[in-house]
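Subject: A structure for you to look at

Hi,

Here is the structure I promised to pass on. Have it open while you read, and my notes will follow below.

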Amino acid sequence: MNFEFSYQNRPRIVDTLKSQKFDLLIIGGGITGAGIALDAASRGLKTALIEKNDFAFGTSSRSTKLVHGGLRYLKQLEFGLVREVGSERAVVHRLAPHLVIPEKMLLPLYEKRGFGSVLTSFGLMLYDRLAGVRKEDRRKMLTRRQTLRQEPLLREADVKGGAIYAEYRTDDSRLTIEIVKSAFKQGAWPCSYAEAMAFNYSADGRVKGVTAIDHFTGGTLDIEADAVVNAAGPWVDELREIDKSKHGKRLHLTKGVHIVVSHDRFPVHQAIYFNVDDGRMIFAIPRGATTYIGTTDTNYDGSKDNVTATLEDVNYLLSAVNNTFKPGKLKVEDVMSSWAGLRPLIHEDGKSASELSRKDEIFESPSGLISIAGGKLTGYRKMAERVVDLVCEKFFEEREIEDSRTGEILLEEPGFANYHEVAKYIGSVARELNMLGGDQRFASYLVHTYGRATTGILHDLRNNFKSADNSSLVSAELDYSLHNEMTLSPADFLIRRTGMLFFDIERLRQSLDQVMGIFKERFHWSEDKMAIERSLIEDSIKFASHFKNQ
Ligand code: FAD
């Protein structure tokens, strides 16, 4: 597109959705829908995408935030899945090295929990081989002493050794928004706050578009398209029901909770993946001034629009940590924030939440609606390729459409060659922040969040604020985000563009009035509208940090 992905250009996007006919319309702006939009637009299909809330509002902002191969799926003998997502890690890292960051994972081994060292060593070797991990990054087995030196916080009692292996960490909602932005650059028309309410059909019963509500303006949109893909994550079956095609396989939703504590309270030295007494495995991952811990895996049939952690979820995670790491014991009061997400898995009779396959599946309905569910954040590119291949085969057989090329489309231009370059850039940003009197610790946050666009944010600080104090930095970040990332509400900015709700809740509290003020001015909001938006944020803070019994 030759215009910016700015809030000011939303009316132009809406007008285009209303007035033009598309080859492909995608419902759902999580990572699956975003990936499909990028794949389709870059192959020349005229593509639209609608999302009923903000991009990444669903599961794609509530994962463990790892680009990983799913070590535990080896136990379920899912070799194909491990090979695909494992190999994708290096590809996605190459596409966005500032956002998909290499992270060594420590796996402690125990006398009484998990697998023994021979089986673990073999499993990790297989994991590395399936994923084609470079020799220098392959797993290393550790003695008991080496493991305890690597993570002195581990309770010594029954640790008998450990292993270190390669993974990547990311920010799921940032990854999703970067893919949406890339899709837009490739010519797609993504529109948030537009909810598909009904399908429109041709005389012979083929789905030919949708009627959607524009939650931003209150209007209605009729969007016409040859092919429609349902990538609505946990809501996939609701749309299949509207299409009267929810037969055969169905979704099985399981809830996963993460909690966040200050890194000072739980100062792990690195990411750890540890066994719990019930046979499950939990991650503890340091991020900035926090450590986050997750996840749970329980069947879920509550509201999909408001998924929260209960006291029981929180206590489960706290006792997993307290049984594995040395005192001082973490308590509920130490939990600063949390998030809860739904895995849109495919139901299999007789299987428990943790046993269900994480593989994606595509459903085709008699009306031509294509639905995709399951899968992993990490595998978004391959899932997208399969869906677009199918769309081309079913709908555009007569057209010459090139193969997927998303493996070559950097999510940021110009990109970084590798993480070494990212680290160098962080150093230069830290020096600049220092010169502007700002906190140098924000350097890695800014670069991991905005990549090279940090240069523009610093430029704004230098020219318009002459300082990098917290309030100037918030203004400059918000300005960038409004003009380049289709940020339409304080929640979009404070939760999904910056992750402040989860990883810097104090900064959120300090900045809330200022952020509300900027929205009021830019969007000409009335006092009533301000009250609604403020209460949305206050509710989000409450749900993230106050826990009720189930
Ligand atoms: P979603 O992100 O939920 O997107 C669907 C979107 O559709 C939503 O934003 C929703 O608002 C929208 N929508 C629904 N109905 C409509 C409608 N009518 N009109 C318009 N829009 C609509 N994977 C990994 O690779 N690594 C991990 O570390 C990892 N950890 C996980 C931890 C947990 C606890 C969970 C739950 C999952 C995890 N996953 C992980 C899996 C991964 O997060 C999901 O597979 C992925 O995010 C699913 O994305 P999606 O786009 O399919 O669904």
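Arg174 touches Leu99, Lys181, Thr449, Tyr450, Glu485, Arg496 and Arg497, leaving aside residues up to four places away in sequence; a contact here means heavy atoms within 4.5 Å. You will find Arg174 in helix α6, residues 172–185. Helices are DSSP runs of H or I with at least four residues, strands are E runs of at least two, and both are numbered from the N terminus. Is Arg174 buried or exposed? Arg174 is buried, with a relative accessible area of 2%. For these labels, buried is under 20% relative accessible area, exposed is over 50%, and partly exposed lies in between (1.4 Å probe, protein chains only).

Before you go further, please note that this is a predicted model, where local features need pLDDT of at least 70 and side-chain atom pairs count only at pLDDT 80 or more, while totals for chains, interfaces and linings use all residues. Residues are numbered from 1 along each chain as its sequence is written, and side-chain values use heavy atoms, with hydrogens and water left out.

Asp539 belongs to helix α17, residues 527–545. With 33% relative accessibility, Asp539 counts as partly exposed. Asp460 is 79 residues from Asp539 along the chain, and their C-alpha atoms are separated by 32 Å.

Now for the whole protein. It has 17 helices and 18 strands. The radius of gyration is 23 Å, close to the 24 Å that the globule rule gives for 550 residues, so the protein is as compact as a globular protein of that length. That radius is taken over C-alpha atoms, and the rule is 2.2 Å times the number of residues to the power 0.38. Along its principal axes, the C-alpha trace spans about 70 × 60 × 45 Å. Buried residues make up 60% of the 550 residues. Among contacts between residues at least 6 apart in sequence, 72% join residues at least 24 apart.

Which residues touch the most other members of the largest nonpolar core? Out of its 184 residues, they are Leu17, Ile36, Ile50, Val210, Phe266 and Val391. Helix α9 (residues 380–395) gives the most to this core, with nine residues. Such a core is a set of buried Ala, Val, Leu, Ile, Met, Phe, Trp, Tyr and Cys residues joined through side-chain atoms within 4.5 Å. Among the residues that Leu17 touches are Phe22, Ala48, Ile50 and Trp189.

Happy exploring!
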